[in-house]
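Let's take a walk through a protein together. Keep the picture open and follow along as we go.

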Amino acid sequence: MLGDRAAPWRHLDATLLVVSAAIASFGALMVYSSTQRRLDVAGVDPQLYLKRQVLYVAVGVIAMLVVTLIDYRVFRDFAPLLYFGTLGLLLLVLSPLGSTNKGAQAWFQLGSFQFQPSEFAKLALILSLASYAAAHRGELDLQTMGRLLVMGGAPIALINLQPDLGTALVLVAIFFGVLLVAGAQPKHLLLLALVGVVGAVAVIQLGILKQYQLDRLGAFLDPQAEGRAQRTAYNLNQSKIAIGSGGLTGKGLFQGTQTNLSYVPEQHSDFIFTVVGEELGLVGTSVLLSLFALVVWRTWRTAVLAKDLSGTLICVGVMSMMVFQIFENVGMTMGIMPITGIPLPLMSFGGSATVATFIAIGLVLNVHMRRFS
């Protein structure tokens, strides 16, 4: 047992590590495939996005390894500091220091790179909820649930002000996932769900959502929408055409017609799944979804094996984040979920999302490595 405590690396979940690295490598390849043709036509380095994504992955891997070196219980103890620090960044990004892109003021512009604090708010919420719920094990009464609601509601409200509905929904999924496993009573969860529905209606009625977000919802509810939602519906149809045209084995790497002609919007980021569907077909998408299933399974397995409740809840929070993002992103490209701008974990182009996801994986590895200590 002493050897176990002295050498946590002996208990590293190599499967989770290798599969995560494989998905990220596959994602970088798909980012390159979706951007190289149009960059070349524009006279820009065809490998521009590829080089940046490789850099993001490298930074993410380093951050993941650093996280595994520190006992996860240290992060649990510092959860309040991380939480309030993240709230400060979410407030600051709404100030003149924040930059606006695609209708949302959600980034800090750092030279040619953008830092998105809402991605790291997911991690802060996971650690905070896990820490507080574990400390009140068996005592999740209405008063405690009220405190947890405030804890989860604050970052969600600030992110909605950007506005970033997609990320706010991810935080909602994390919130319910953690509380469900932490032992919240069904009647309390039902009450929170009703509060959430009322809040969602209020957000729409009070005009907090931007017009393009309303257009996305309109296109999802009515694919033949007219007016301003028509453009969004057109983009969604192009996405479905790209996936459907791939057939069983796809058109071949770098050979996607919809991809090379840039018919699908934001294909290197939010709609990266369409590249896999068009160029690698059902076989490629099945392999990708199987890899994601492995990540989810290993995360749940670690949650079961965790030494304490806080470790279990950290893993459940990460799993809730991953499952919701995968389901929503893949679903929106196929037209079975509304378009919300949620990236596909480890696949979509983007620095903040990639690094934050690797850190989340690092937390799961951390819990697994110290399950005997």
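Predicted model: local features only at pLDDT ≥ 70, side-chain atom pairs only at ≥ 80, totals over all residues.

Residues are numbered from 1 along each chain as its sequence is written, and side-chain values use heavy atoms, with hydrogens and water left out.

First, the overall view. The protein chain has 15 helices and three strands; these are DSSP runs numbered from the N terminus, with helices being H or I of at least four residues and strands E of at least two. Of the 373 residues, 53% are buried, and buried means under 20% relative accessible area, with exposed being over 50% and partly exposed in between (1.4 Å probe, protein chains only). The accessible surface comes to about 16,200 Å², and carbon and sulfur atoms hold 67% of that. Such areas come from the Shrake-Rupley method with a 1.4 Å probe, and for residues only the protein chains shown count as cover. Now take the contacts (heavy atoms within 4.5 Å) with a separation of 6 or more: residues 24 or more positions apart account for 71% of them.

Next, find α2 (14-41) and α15 (residues 351-369). How do they pack? Their angle is about 170°, and their axes are 11 Å apart. Axes are lines fitted to C-alpha atoms, for helices over the stretch in contact, and angles run from 0 to 180 degrees between N-to-C directions. The two helices are therefore roughly antiparallel, a label for angles over 145 degrees. Leu-16, Leu-17, Ser-20 and Ala-24 of α2 touch Phe-358, Ile-361, Val-364 and Leu-365 of α15.

Helices α3 (48-69) and α5 (79-92) each give two or more residues to the patch, and α3 has the largest share, with four. Trp-9 lies in the loop between α1 (2-6) and α2, and it counts as partly exposed because its relative accessibility is 41%.

Finally, where is Glu-266? Look in the loop between α12 (257-260) and α13 (272-305). Glu-266 is partly exposed too, at 32% relative accessibility. Leaving aside neighbours within four places in sequence, Glu-266 is in contact with Lys-102 and Phe-271. Its C-alpha atom is 9.7 Å from that of Ser-348, 82 residues away along the chain.

Conventions: Parallel < 35°, antiparallel > 145°, perpendicular 65-115°, else oblique.
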